[in-house]
Amino acid sequence: MKPKIELLAPGGDVEAIKAAIIAGADAVYCGLDTFNARNRAANISFDQLVGIIRLAHQYDCEIFLTLNIVILEQEFKTLMKLLNKLVNTTLDGVIVQDLGLLYVLRKHFPTLAIHASTQLTTHNAGQIPFLKHLGAERVNLSRELNLREITTLAEVGREHDMLLEVFVHGSLCVAFSGLCYSTSASAGNSGNRGRCSQACREEYETTESGNNFPLNIKDNSAFFDLPALIEAGVYSFKVEGRIKGASYVHTVIDSFRKQIDGYVETGELTQDGERLYKVFNRDFTNAFLRGDLNQSMFIDNPRDNSKNHLVDQLKAEKGESISVVQIHDAQQQLQIDKQQINASVDDKIAHLSIEKIKLSLAFASEQGQPLSLTVTTEQMSSKLASAEQQTLVLHSSSSMLPSEKLSVDQEAIEKRFKNINNANYELISLDCSALADGLSIPYREITTLKNQLLAYLNDGIEVIPTVELPKLERHPKVAVKADAETAQPQLSILICDEADVALAQATDADIYFKLPDAYKRGCTKYVEFFKQNPRLIPWFPPVLIGKDYDAALNILQQVKPELIVTNNTGIAYHAQKLGVKWIAGPFLNTTNSYALLALKEGFDCSGAFISNEINRQQMKQLARPKDFKMLYSIYHPILLMASRQCFFQQSVGCEKPRIDNGCMLSCDKSTSIKNLKGDSFAIDKQKAGYPSIYNQDQFLNMDIVDDLADLFDGFMIDLTNIGAGDRVSPDKLALIKQFEQLLQGNQNVKSELATMVPESTVDQYINGL
């Protein structure tokens with residue numbers, strides 16, 4: 001039996017979506033001008049969306065809408081208006097990042113299919129049932145995974161009836177998607193809000209290894225890996241590119257369509273992929289998929305590589321002696337080819353229409369007969385390139401009877417039917433000339449007739465009534481002492497060095513111990529460590545892939561601590577199953593009350609760190625669930641991005657040609673890079689940690705202690721020294737004492753803390769999202 005394979009195309013504007021449809025996409029994902037993670041794309045209006053859905057369905061193509069950003073509390077009112085409109089379209093699915101939106105969709109809009117965005121950083125077996133429980137029916141996996149890891153997750157997906165998407169072409173983020181805060185911290189924007197300013201594509205001062213674009217990674221392409229992905233169990237092959245134009249989308253989708261169809265028919269790959277080099281590209285790599293992370297993944301040019309590829313081809317064919325004239329002629333021909341591609345695509349999509357369907361309504365009445373409504377619709381069929389007309393007659397259930405007081409006349413009809421104009425239909429005629437005077441039926445039957453009309457216009461689907469979110473309950477903090485009216489925020493401390501366990505003797509604060517990202521096979525070290533130090537609260541990192549997830553899960557199962565903090569939803573899923581109390585860590589980036597409810601009601605979560613990306617006013621709107629702690633990190637290094645790739649190869653150089661498990665476990669280098677504005681960024685690699693880049697300033701928020709002490713149960717300080725580079729860190733014991741004094745209301749320590757942490761910022765708390 002031929003496998004079912006979905007080719008999922010990007011659509012940044014109407015022309016690109018048309019190009020994807022005509023090129024043979026099985027589905028297209030696109031965004032409106034709000035609530036989507038590609039603000040730089042042209043995007044579409046709601047009326048255009050409805051027309052696009054209609055056009056796509058003529059070609060058996062589905063449309064998915066991207067709502068893939070974190071949502072702020074005050075936005076849910078506007079979001080609900082949108083969802084109430086979407087639920088009455090034939091949209092095929094919504095792509096979501098925010099856990100609060102997942103909660104709202106599942107609870108109030110069960111007919112909308114939910115897809116988990118790649119922004120949810122899904123990479124291990126526990127995250128799939130976690131997302132399934134929240135209502136997702138498919139998930140877009142992290143782009144960093146290799147074929148073996150994808151195959152394992154596909155088996156888990158089948159167990160939980162979850163479809164898997166994998167990106168097979170387009171731009172790559174060097175950072176883990178959903179865990180990049182580079183523009184949030186440095187430019188006041190956020191990749192989690194669709195405003196990424198692409199710091200990874202920026203030019204930096206020339207590094208020791210001679211690179212000016214040390215973070216710039218080649219584009220992804222699995223064009224020749226399709227058989228392996230099919231064998232792995234991937235359902236949807238997703239192409240990136242919502243800021244690309246129609247010619248790019250058509251070329252890439254048409255190439256993949258031919259490659260997929262050829263392979264399914266013949267068992268062989270039939271396309272050479274050369275067309276992919278004629279549209280925008282940064283050269284291509286499939287190194288993540290192959291699990292071969294090497295220096296060839298980077299390219300010191302963030303712009304279009306088409307001309308460079310052409311020159312390389314010529315040199316390969318004719319040798320290094322190729323003349324300047326030959327190169328010029330070839331590049332001129334490439335430009336002509338690109339123009340021809342544009343003209344060809346424009347011609348192919350010219351006849352595709354998303355115009356509204358023309359609607360005519362004609363009413364007629366006669367004594368003793370039902371009220372009749374003749375509905376005539378006319379729309380352009382893009383497939384047939386002609387207009388199609390359909391007629392339907394609806395009747396009231398009661399017969400028209402004489403009435404001296406009420407009459408079903410033109411005024412009564414227009415009052416109820418004139419507003420039928422909507423995103424899908426344009427009412428061009430409302431004919432009441434055949435209505436007899438002085439006749440009536442119960443007005444509720446006119447409403448019933450209108451609902452029948454709306455259902456017909458909605459492809460036979462009954463119109464779903466408007467949903468309003470119930471008012472959130474705001475529960476008080478749980479006092480630490482039974483006789484206390486309010487609970488003073490408590491201090492908590494994050495450490496990662498076993499030597500720092502001694503700090504426990506000097507404080508009553510909760511102490512979290514940060515577990516590593518990577519482990520040796522069969523690692524049992526931390527099981528014994530936590531059993532010997534029961535006061536320590538395990539802190540699980542955001543990324544746990546493959547064997548590292550298995551090792552972290554084993555720690556959870558063997559130790560069974562009273563409480564954990566986890567930044568990984570796969571660990572959260574199993575903590576709830578084991579009956580272990582858990583707190584959502586700051587890297588789950590919680591920004592609204594519905595996310596808190598999703599965690600509390602869905603997974604018995606005990607509390608959550610509130611996102612450091614939102615500001616004071618945005619936090620004040622949050623509503624605490626019952627018996628739920630709200631926490632916040634007031635002092636920590638500012639992570640800009642973490643990567644599975646190595647940042648040292650392009651900065652200071654490395655003798656290793658590729659990354660292996662030994663690199664993860666043993667490398668602990670640090671360096672820095674500087675952009676052309678003179679801003680310096682620390683590159684830090686802890687043993688058993690992912691390569692990461694940090695802001696030059698530490699985050700230090702003393703204001704929140706005065707501003708929102710009544711909102712938070714606790715404030716955390718990070719004493720791990722991760723990301724400090726070669727800076728001298730303040731004395732940890734002294735820091736603890738100063739922060740304890742701050743939480744007790746001693747204003748005098750603020751100046752001392754500012755002196756101890758001279759390079760600090762609180763911009764995120766001021767700017768918000």
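Helices here are DSSP runs of H or I with at least four residues, and strands are runs of E with at least two, both numbered from the N terminus. Counted this way, the secondary structure of the protein comes to 24 helices and 28 strands. The model is a predicted one.

Overall dimensions come next. The radius of gyration is 30 Å, close to the 27 Å that the globule rule gives for 769 residues, so the protein is as compact as a globular protein of that length. Along the principal axes, the C-alpha atoms fill a box of roughly 95 × 85 × 50 Å.

Of the 769 residues, 58% are buried, where buried means under 20% relative accessible area. The protein exposes about 32300 Å², and 47% of that area is supplied by carbon and sulfur atoms. Among the contacts with a separation of 6 or more, 70% are accounted for by residues 24 or more positions apart.

Helix α4, residues 99-108, packs against helix α18, residues 593-603, at an angle of about 70°, and their axes are 6 Å apart. Angles of 65 to 115 degrees count as roughly perpendicular, so α4 is roughly perpendicular to α18. On the α4 side, the contact is made by Leu99, Gly100, Tyr103, Val104 and Lys107. Helix α18 contributes Tyr594, Ala595, Leu597, Ala598, Leu599 and Glu601. By type, the residues of this contact between α4 and α18 divide into eight nonpolar, one polar and two charged.

Technical notes. Residues numbered from 1 in each chain as written. Predicted model: local features only at pLDDT ≥ 70, side-chain atom pairs only at ≥ 80, totals over all residues. Heavy atoms only, no water. Axes fitted to C-alpha atoms, helices over the stretch in contact; angles between N-to-C directions. Parallel < 35°, antiparallel > 145°, perpendicular 65-115°, else oblique. Contact = heavy atoms within 4.5 Å. Nonpolar A, V, L, I, M, F, W, Y, C, P; charged D, E, K, R; others polar. Rg over C-alpha atoms; globule rule 2.2 N^0.38 Å. Buried < 20%, exposed > 50% of the residue type's maximum accessible area, 1.4 Å probe, protein only. Areas by Shrake-Rupley, 256 points an atom, 1.4 Å probe, with all protein chains shown as cover.
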